[in-house]
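Biologist: I would like to learn how to read a model of this kind, feature by feature. Could we take the general idea each time, and then the case at hand?

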Amino acid sequence: TVVCVCVGLCGCCWALRPRYKRLVDNIFPEDPEEGLVKANMEKLTFFALSAPEKLDRIAAYLSERLTRELNRHRYGYVCIALEALEQLLLACHCQSINLLVESFLSTLRLLLEADRPHLHMLATNSFVKFANIEEDTPSYHRSYDFFVSRFSQMCHSEHEDLETRNRIRVSGIRGLQGVVRKTVEDELQVNIWEPRHMEQIIPALLLNLQQDEDSSSGSPAEQTEVCFRELLSRAAYGHINNAIRPVLMHLDSHTLWEGHGFAVRCFQIIMFSIQSQHSHLVIQQLLGHLDANSKSPASVRAGIVQVLSEAAVIEATGSVGPTVLEVFNTLLRQLRQSVHYQQSGCYDNASERKLQDAVVHTIGSFANTLPVYQRSEVMLFIIGKIPVPGIYPDLGSRYENSNLLTALPSSFLEPLLSFTLMEDPEVRLLILSILTSLVDRQHNAEPSVLELKNEGSSRQDVLFIRKHAQRLYRHVYLTCKDDSSGRSHYLALFTLLAVLSLELPNEEVLVDLIRLALALQDRSLSVLNRCGILALSSALLNLLSHLSQSPSLRQHITEVGVRVLACELPYV
């Protein structure tokens, strides 16, 4: 009788419980393996939609049930309670959803604070589903600080089991991706771009991007790259610096600038992911970081310079921001400082030389992205600096221009020609190489060219040579006169004059060059220099005879050339 009375009282008490609690209790089966009772879940959802004012109570009670089951280690019921919260979130788009969200996030915090990895992954999957929901109403006071911190910690997991560790890390990365999606497009949400958040998110992502030995689908490295690209693609103008600064700090603290290629890969991802109009901000950050590391080992500086070079190649829009000359000024300052270190013996000479080569290559990469008129300005700017003997930029095919009048304005040509008369023979050789590269638009000077190209000249080219021919020939004449000129100088002079004759194949230029070749031979110099001048004149006249329309000139030059070769001059 007593038992019957107790049972009756319990049944009576259960019937007196609020309806929402009875509906919540009914979704839990006797055996958790059976999963959520779908029919009863539909009743609970219908009730919540019909009485949205009860939604906060429903969420609070579900959270209470989940906490109770968690404390009892009944994880099957924990999963059922969390699934019910997820379904209510997906179904309820009303003003009361904020109350439901608060209970839901509190529940996730509880699961993430537990010491069970499978609960961490369960909570993360639930958060990702929530992040993909577009809410109808704004939230003014919701905070995701805990989730940023906890997901970042999961990305650093060092679980002893490799498979479990990777699953935890992937889960943490997906959680960070969810936070980003939930916050970046809502101005009322927490500002995810604040330094305190970026300093947790970026290192967590880069740590997993480093460990790319397993880049298969679903691996931490693969998932990280997807998340990193999405984060950067959403960065507005004012957010770029906050996103890039932790990258630089991570590369510094883990000594990743040197030789591993990871730094280059990072910034390739960055440059391809951000909006193109913001690329110059990344360049400016790298330049500032290069200056900040001016006393670091040459290998570190060379690594930063290499990243700059790769960034310049990717930035193909022809602009590196509003301060183009500042880019070159910084690189030239680094070049000058490296030469100073090399001469003072403070640093390893071989490393400094590699750094200098890297800086010169980067200057060429940047210049290659600029329009023709800016290239001339940049080269004039570089010429205005003190030249560094022994450093030869491989201009080659980097410089392209439509006409000589644009490529070599008077403001640039005059100081360039003045450098051909400097005492230092290495500087003179460098300037001759630069002049040849500027004039040689058809790449006839390249060693691999078997057939010379002679496509004619434009009206602007004719105007250029009429304006500057006599000044150019005079400097060639005076360079040949210099006693310190050697075999490489005469070869460079021949290459310059040969390229000029091919780029400007008109009778006026041919006549002037023939006169110059004849005038060069009337010099009282040392035997070695006379032999060099003779070799230069003979080779040039031979080329001009083939370009001219005069068979008699060609025959005469051929006969003279045979006699010159018969003399077996020691210089030739």
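Biologist: Where does Gly218 lie?

Modeller: Before that, a word on the source: this is a predicted model, in which local features need pLDDT of at least 70 and side-chain atom pairs count only at pLDDT 80 or more, while totals for chains, interfaces and linings use all residues. Residues are numbered from 1 along each chain as its sequence is written, and side-chain values use heavy atoms, with hydrogens and water left out. Gly218 lies in the loop between α10 (195-210) and α11 (220-233), where helices are DSSP runs of H or I with at least four residues, numbered from the N terminus. The C-alpha atoms of Gly218 and Val170 are separated by 7.6 Å, although the two are 48 residues apart along the chain.

Biologist: Is Gly218 buried, partly exposed or exposed?

Modeller: The classes rest on relative accessible area, computed with a 1.4 Å probe on protein chains only: buried means under 20%, exposed over 50%, and partly exposed in between. Gly218 has a relative accessible area of 38%, so it is partly exposed.

Biologist: Which class does Ser152 fall in, and which does Leu543?

Modeller: Ser152, whose place is in helix α8, counts as buried because its relative accessibility is 5%. Ser152 and Leu205 are 53 residues apart in sequence, yet 8.2 Å apart in space, C-alpha to C-alpha. Leu543, in helix α25 (residues 527-547), has 15% relative accessibility and therefore also counts as buried; Leu543 and Ala498 are 45 residues apart in sequence and 7.4 Å apart in space by the C-alpha atoms.

Biologist: Which residues have a positive phi although they are not glycines?

Modeller: Most residues other than glycine have a negative phi, and most peptide bonds are trans. Among those with a positive phi is His73, at about 60°, found in the loop between α4 (55-71) and α5 (75-91). With a relative accessible area of 53%, His73 is exposed. Another is Thr255, with a phi of about 45°, in the loop between α12 (240-253) and α13 (262-273).

Biologist: How do α5 and α6 cross, and at what angle?

Modeller: Two packed helices are described by the angle between their axes and the distance between the axes. Axes are lines fitted to C-alpha atoms, for helices over the stretch in contact, and angles run from 0 to 180 degrees between N-to-C directions. The axes of α5 and helix α6 (residues 97-113) come within 10 Å and cross at roughly 150°. That makes α5 roughly antiparallel to α6, because angles over 145 degrees count so, whereas those under 35 are roughly parallel, 65 to 115 roughly perpendicular and the rest oblique. The crossing of α5 and α6 is left-handed, meaning that the near helix is turned anticlockwise from the far one by less than a right angle.

Biologist: At what angle do α7 and α8 pack?

Modeller: Helix α7 (residues 117-131) and helix α8 (residues 145-155) pack at about 130°, with their axes 12 Å apart, and are therefore oblique to each other. The crossing of α7 and α8 is left-handed.

Biologist: How many cavities of 30 Å³ or more does the structure hold, and what lines the largest?

Modeller: Rolling a probe the size of a water molecule over the atoms shows where empty space is left. On a 1 Å grid over the protein atoms alone, a cavity is a set of points where a 1.4 Å probe fits but cannot get out, and lining residues have an atom within 4 Å of a point. The structure holds three cavities of 30 Å³ or more. The largest cavity is lined by Leu408, Leu413, Leu435, Val439, Phe464, Leu472 and Leu500.

Conventions:
Helix = DSSP H or I, 4+ residues; strand = E, 2+ residues; numbered from the N terminus. 1 Å grid on protein atoms, 1.4 Å probe; cavity = no way out; pocket = protein on both sides within 12 Å on 5 of 7 lines; lining within 4 Å. Points joined across faces, edges and corners; volume = space filled by probe spheres on them.
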